[in-house]
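Here is a friendly walk through a model, for anyone meeting it now. Have the sequence and the 3D view open while you read.

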Amino acid sequence: MSTDSNIEGWDERLPTRQLPPHGQALGIEYVKVEDGCLFLKVPYAEHLVGDPDTGIIHGGVITAAMDNASGWCTRLNSDFVEGQSMATLDLRIDYMKPATPHKDLMVRAECYKMTRNIAFVRATAFQEDLLDPVATSVASFMMGTPSERKPA
Amino acid sequence: MKILDELRREGRADDMQSLVDHIPYARFLGIRVDRKGTEITTILPFDAKLIGNTTLPALHGGVIGAFLELTAVIQLLYSTQCERLPKTVDVSVDYLRSGHPVDTYGRATVTRQGRRVANVQAEIWQEEKSKPIAASHGHFLLTPV
């Protein structure tokens, strides 16, 4: 469980072992950090289904998981300033194929560029093979939103 | 989708609430549909599990994306009367304001409907419709009846 304080391989750059309430509600789990990329897992669950005839999970679940992973992984970028707040500007997702029912979904997210104001992130959602993705996304985040700015 | 056939047989093809109640993920989010004539408004009642940022607090960006996508799909199902759920090809979301911990409303417009693909724009707001918290446009694959 992601709220466990003894997760093996936890990357200390990630600020908290506690997922946001919606991340917990979806059942998202932290997997690992590898080569600057964050990996999260969404275990298959009945309440995530979008089409009861097929058991395929809803696109919105993939959106939520990719948003979550994309936001988090900015902290792994070497230009990330500790204590910096952030806001999502946009997120574009391309759906390549439906996720196979009853199989977990993995998300790999990488913040490939961070400027003083903006972070650029790409992410891939897949099941067994990273090269055969369920969906891919690009997102941009505004860093250091007003709540963190020093008063003028 | 079986439920779509059932509703159509019963002459309730426009009963979007029954349809939404058959989508487990929409039920999990607690989505409700309000239809007045041909105008459809989706409602996302606030719930603690929708929070993404506990300090602000603000709705999870993923919830916002999912709600926009569902709003678009519901509008599309109503407008096109297709027999299966449209497949999302891509969705692009602009986050405009942070989502407060209150109810959220959504509207979508089918901008262009072709034989195979539809382009749908959606917008969601909270207190004021003129101040949307997010907007999206996306493409959906249709299965014609």
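A:A119 stands opposite A:F141 in β8(A). That pair belongs to a predicted model, in which local features need pLDDT of at least 70, side-chain atom pairs count only at pLDDT 80 or more, and totals for chains, interfaces and linings use all residues. Residues are numbered from 1 along each chain as its sequence is written, while chains are lettered from A and ligands numbered from 1 in the order in which they are written.

**Strands side by side**

Strand β8 (residues 135-143) of chain A runs antiparallel to β7(A), and 8 bridges join them. Two strands are said to pair if DSSP finds at least two bridges between them. On β7(A) there is also a pairing with strand β6 (residues 105-114) of chain A, again antiparallel and over 8 bridges. With 3 residues between them, β6(A) and β7(A) form a hairpin. To find a spot on that pairing, look at A:K113, whose bridge partner in β7(A) is A:F120.

**Chain A as a whole**

Chain A has 2 helices and 8 strands. Helices (H or I, at least four residues) and strands (E, at least two) are DSSP runs, numbered from the N terminus.

Of the 152 residues in chain A, 38% count as buried. A residue is buried if 20 or more other C-beta atoms lie within 10 Å of its own, exposed if 12 or fewer, and partly exposed in between, with C-beta atoms placed from the backbone. Among contacts in chain A with a separation of 6 or more, 62% come from residues 24 or more positions apart. Two residues are in contact if their C-beta atoms, placed from the backbone, lie within 7 Å.

Helix α2(A) has 15 residues and reaches 21 Å from its first C-alpha to its last, close to the 21 Å expected at 1.5 Å a residue. That expected span is 1.5 Å times one less than the number of residues in the helix. Why is α2(A) largely enclosed by the rest of the structure? Because 15 of the 15 residues of α2(A) are buried.

**The core**

The largest nonpolar core has 78 residues, and A:A65, A:A69, A:L105 and A:V107 touch the most other members. A nonpolar core here is a set of buried Ala, Val, Leu, Ile, Met, Phe, Trp, Tyr and Cys residues joined through C-beta atoms within 7 Å. Leaving out residues up to four places away in sequence, A:V107 touches A:L40, A:A65, A:M66, A:A69, A:A123 and A:A125.

**Where the chains meet**

How many residues of chain A are in contact with chain B? There are 31 of them, in contact with 32 residues of chain B. On the chain A side, the elements giving two or more residues are α1 (21-26), β3 (49-51), α2 (59-73) and β5 (86-95). By class, that side has 14 nonpolar, 10 polar and 7 charged residues. Ala, Val, Leu, Ile, Met, Phe, Trp, Tyr, Cys and Pro count as nonpolar, Asp, Glu, Lys and Arg as charged, and the others, Gly among them, as polar.

Strands take part too: β5(A) pairs with strand β5 (residues 87-95) of chain B in the antiparallel sense, over 5 bridges. In β5(B), B:V91 is the bridge partner of A:I93.

**Some local spots**

| Residue | C-beta neighbours inside 10 Å | Counts as |
|---|---|---|
| A:D35 | 7 | exposed |
| A:H102 | 9 | exposed |
| A:G144 | 15 | partly exposed |

A:D35 sits in the loop between β1 (29-34) and β2 (37-42) of chain A, and has a positive phi of about 50 degrees although it is not a glycine. A:H102 is in the loop between β5 and β6 of chain A, with a positive phi near 65 degrees, also in a residue other than glycine. A:G144 lies in the segment after β8 of chain A. A:G144 and A:L131 are 13 residues apart in sequence and 34 Å apart in space, C-alpha to C-alpha.

Over in chain B, the peptide bond from B:L56 to B:P57 is cis, with omega near -15 degrees. B:P57 is in the loop between β3 (51-53) and β4 (58-59) of chain B.

**How confident is the predictor?**

Chain B averages a pLDDT of 91, and 99% of the residues score at least 70. pLDDT is the predictor's confidence in each residue, from 0 to 100. For the complex, the predictor gives an ipTM of 0.86 and a pTM of 0.88.
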